[in-house]
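Hello,

Here is the structure I promised to pass on. My notes follow below it.

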Amino acid sequence: MSARVLLPALVALAAAAGCAHSPQAAPPPDASGARTATPTTSTGRDSAAARDGAATRDTVAAPSLRRAAVADTVGFPTRPPELPEPKPLTVPPVVERTLPNGLRLLVVEHHELPVADLVLVVRTGAEADPADRTGLATLTASLFDEGAGGRDALAIADQEAYLGVDLSTGSGWDLSSVSLHAPTARLDSALALFADVALRPTFPAKELERLRAERLTQLVQLRDRGPAIADRVFPAAVFGDEHPYGRPLTGTEATTRAITGADVRGFYERYYRPNNAVLIVVGDVQPDDVARRVGALFGDWERRDVPAVTAAAAPSAGPTRIILVDKPGAAQSSVRIGGIGVARSTRDYFPLLVMNTVLGGSFTSRLNQNLRETHGYTYGAGSSFSMRRMPGPFTARGEIVAAKTDSALIEFMRELRAIRDTVPQDELQKTKRYLQLQLPGDFETTGDIANQLVPIALYDLPLDYYDHYSAGIAAVTQADVQRVARQYIDPSHLAIVVVGDRASVEPTLRATGIGELVRQPLPKE
Amino acid sequence: MKRARRIAPQAAVVAAALALLAPGRPAAGQGVPAIPYETFTLPNGLQVILHEDHSVPLVAVDVWYHVGSGDEQRGRTGFAHLFEHIMFMGSQHVPVGSFDVWLESAGANNNGSTTQDRTNYYEWMPSHALPLALWLEADRMGHLLPTMDQPKLDLQRDVVKNERRQGVDNVPYGRADETILAALFPPEHPYSWDVIGSMADLSAATLADVQGFFRTYYAPNNASIAIAGDFRPDSVKAWITRYFGGIPRGPTIPPRPTVPEVRVPRDTFLVLEDRVQLPRVYDTWHGVKAFHADDAALDVLAYVLAGDKNSRLYRRLVYELQAAQDVSASNWSARLDGMFQIVVTPKPGHTPTEMQRLVNEEIAKLTRDGIDARELERARNTFQSRMLSRLASVFGKADQLNYYDYFVGTPDYARQDAARYDAVTAADVQRVARQYLRQPRVTLTVVPQGRRSLMVTGVAQ
């Protein structure tokens with residue numbers, strides 16, 4: 001199947017990254033630290049997981065193209081219909097309970113289908129990986145369903161398929177999670193499996209060795225994919241080696257070889273604690289019944305103090321430079337441009353959400369309009385702010401036809417400068433309406449709703465957060481947008497990563513004069 | 001994007017009954033969530049399918065045109081999909097760029113997709129925006145050509161070429177699919193090329209092609225529109241009549257190209273050098289059409305071979321021997337034909353030939369001894385769960401209604417579809433394995449550059 005645009009990746013990834021409703025066109029690639037759920041999806045053939053929010057400043061108006069209605073259009077209105085006011089969205093209420101051991105429980109009733117979604121959010125992720133053990137958080141999470149309670153890896157997989165449930169585990173930068181999607185008719189058995197996996201993982205040595213070998217092979221295969229290389233090189237260029245966000249989420253060859261079973265068990269024992277966790281339950285359930293069942297299954301989970309995660313200060317950005325990684329023969333250049341953005345706790349959340357949506361957060365955003373719909377340089381371009389516990393990266397991105405790498409870079413830079421000027425009122429209004437009216441769609445299914453609650457669980461947002469979401473966007477002014485654009489996007493201090501065919505792109509990239517060009521070898525993995 | 005291994009939204013179409021999730025003895029189709037619908041056809045031939053669901057203030061519009069890459073001619077491969085892109089470039093009453101701006105301003109998202117068999121266009125949105133989506137769909141169905149011009153074609157040609165680069169040319173193993181299709185189907189068969197088409201053919205497409213294709217295939221009598229979600233049927237009928245009613249019926253749709261019966265006369269071995277670190281081996285057999293009597297059993301066979309950690313191939317090659325990095329099995333069935341495929345990537349230190357020998361051993365075991373009840377149950381329950389997931393959104397429901405309507409002639413086919421899977425027995429799975437996987441196959445080995453010696457050259461037993 002071929003499609004018009006690549007849609008932003010699955011909401012499930014948004015949950016893993018804890019970035020639902022953060023102002024990004026799509027979850028960053030590091031969101032995929034979640035372990036692939038089934039063998040059939042693990043072939044890596046679908047590597048074009050690129051995303052584009054794609055969108056456009058509407059530059060083209062062609063009133064002269066309009067014609068009078070012709071005979072066969074009698075009765076056909078020549079102007080679009082006036083729309084009524086949208087219906088207000090009633091966000092389903094969240095019921096909150098807290099177990100004596102500190103486990104917080106958030107329940108939402110949704111009775112359309114006899115199914116339920118559960119997400120156990122643990123408020124620590126790969127930020128806590130020691131520098132010589134990067135990949136520890138994600139490897140730990142991927143071992144949960146390799147042995148737990150009385151079941152081995154095959155027995156867990158058998159039970160999962162037999163019940164017809166989806167069980168997945170993963171870690172992002174600032175969270176780890178265990179998720180379950182199950183028909184309520186089988187909820188008791190499914191919950192028992194879920195609790196085993198979350199509370200009684202056995203971390204069998206032979207499965208650790210198996211997953212280690214798989215990861216080492218994945219690191220070899222990484223060299224095949226320009227976009228994946230760019231997604232590794234770019235954070236390192238922005239954050240350096242000392243800050244966790246500059247390191248690879250799933251580790252390097254050296255750290256993958258170094259991780260021991262004791263490291264894994266230690267990570268689990270330290271951070272997977274009820275007082276560091278929130279359990280989200282959404283579906284065809286009753287809150288009292290859920291609380292009773294969860295109390296029975298999770299009540300004995302032992303509370304323990306969880307160490308705070310600290311990180312070195314992120315480096316300050318140097319003058320704009322182009323880091324070129326050679327991928328001989330590449331048909332497209334993978335371009336990543338950006339710097340350090342903001343934490344999720346920023347007071348500028350809504351202005352940034354609006355500003356980024358104008359710049360590169362929807363199909364009609366400026367980057368997509370310019371690079372795709374005006375110039376045809378790419379299948380999609382966009383931008384995102386990865387808001388995490390600590391400030392994550394701001395990234396503009398696109399996969400660019402090799403011969404137009406320099407021209408595309410010039411257009412990227414043009415838009416990154418232009419967003420610092422006043423955004424016209426009609427463009428601002430379009431964007432704000434778009435964002436406000438996305439909300440109903442974000443609450444459609446049980447899985448959608450569970451994903452929307454993840455940021456509440458992770459970043460201590462109030463339970464009625466979404467009741468005030470629309471007003472938060474409404475309050476954003478032209479001046480707000482300009483202020484945050486100028487504050488957070490500095491065209492003279494950007495890291496630009498290009499992974500492409502060096503022989504053909506280097507001379508023209510140098511000629512752009514956008515910044516010093518530095519060659520960098522393929523990351524040694 | 002690549003051609004889906006199975007047609008995407010409909011992949012493994014299995015109706016789910018929660019009652020069926022009880023292991024043991026499912027009753028045919030029982031418990032499949034009903035999708036109550038109403039359908040009618042305008043005098044110009046446009047079929048309308050409506051399904052009300054007021055649980056959330058959302059609605060989806062999904063227009064299917066019954067044309068895909070399966071209607072293309074050699075020399076114009078990829079054209080159906082290129083045309084899909086051009087449909088977003090505005091129409092008589094919609095200036096270039098306004099299609100998306102107007103929809104986004106109303107909170108709507110939209111997209112389109114092309115397969116071998118059909119092209120769809122869809123919007124999902126807060127329910128108040130429904131008349132806008134209908135009006136926009138009507139304008140491009142009835143009034144596309146007055147403002148069609150060369151720049152629109154040229155711009156989207158560049159975009160689609162980049163889509164091909166992003167999905168095929170700049171992706172490891174990306175050219176495997178088109179290489180296999182060309183070997184599996186004879187050159188005159190429209191499934192012998194991939195939906196995305198070739199760069200040369202995309203370059204060759206002309207404005208006259210665009211106009212001819214629109215006049216031939218984009219007529220109300222070659223389309224159906226499904227609307228699912230929060231709406232009032234009276235309002236929707238009034239809008240549809242007003243917006244679509246004046247679009248004239250098109251000429252009779254040309255019949256699908258007559259396709260020869262496909263046979264792979266003997267085992268065929270191909271090699272493709274690519275910029276990859278590890279080789280990968282693809283075994284592909286001729287399969288069946290969608291909804292063929294053996295279609296569901298082949299789906300179950302694919303799951304039993306490589307659908308989960310306990311599946312035959314995954315467990316032996318990846319989990320136990322750890323000789324393979326990954327393995328997949330798929331049954332792809334479409335309107336004119338289908339195929340069954342197994343793909344394995346050996347780990348460093350292992351060879352494609354070794355992988356194929358292991359695959360053949362597992363196929364031999366399965367055809368000799370059959371499968372057990374637990375394997376069958378895992379497959380069924382997983383398919384049932386996936387079906388429920390597809391019906392969770394209003395767009396999912398709209399697309400299922402169109403899919404069934406087009407493929408089997410009635411939107412309301414979920415229960416019968418579920419029954420197909422309920423009826424699969426262990427003996428069926430063994431039988432289809434014998435019948436289809438013992439035929440000659442096409443074996444493609446993708447190898448790192450300069451490593452043609454790794455090519456599989458015989459069906460190792």
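**Strand pairing and helix packing**

Strand S8 (residues 280-286) and strand S11 (residues 442-448), both of chain B, pair in the antiparallel sense over five bridges. Pairing requires at least two DSSP bridges between two strands. Strands are DSSP runs of E, at least two residues, and helices are runs of H or I, at least four, numbered from the N terminus. Across this pair, B:Val281 stands opposite B:Thr445 in S11(B).

Before the rest, two notes on the source. This is a predicted model: local features need pLDDT of at least 70, side-chain atom pairs count only at pLDDT 80 or more, and totals for chains, interfaces and linings use all residues. Residues are numbered from 1 along each chain as its sequence is written, with chains lettered from A and ligands numbered from 1 in the order written.

The sheet in chain B is open and mixed, with five strands in the order S7-S11-S8-S10-S9. S7 (268-274) and S9 (324-333) of chain B each have a single partner strand, so one side of each lacks a neighbour in the sheet.

Now the two chains. Helix H13 (residues 425-442) of chain A packs on helix H3 (residues 98-105) of chain B at about 55°, axes 7 Å apart. Axes are lines fitted to C-alpha atoms, for helices over the stretch in contact; angles run from 0 to 180 degrees between N-to-C directions. A:Lys430, A:Arg433 and A:Tyr434 meet B:Val101, B:Glu104 and B:Ser105. Contact means C-beta atoms, placed from the backbone, within 7 Å.

Best wishes

Terms used. Contact = placed C-beta atoms within 7 Å.
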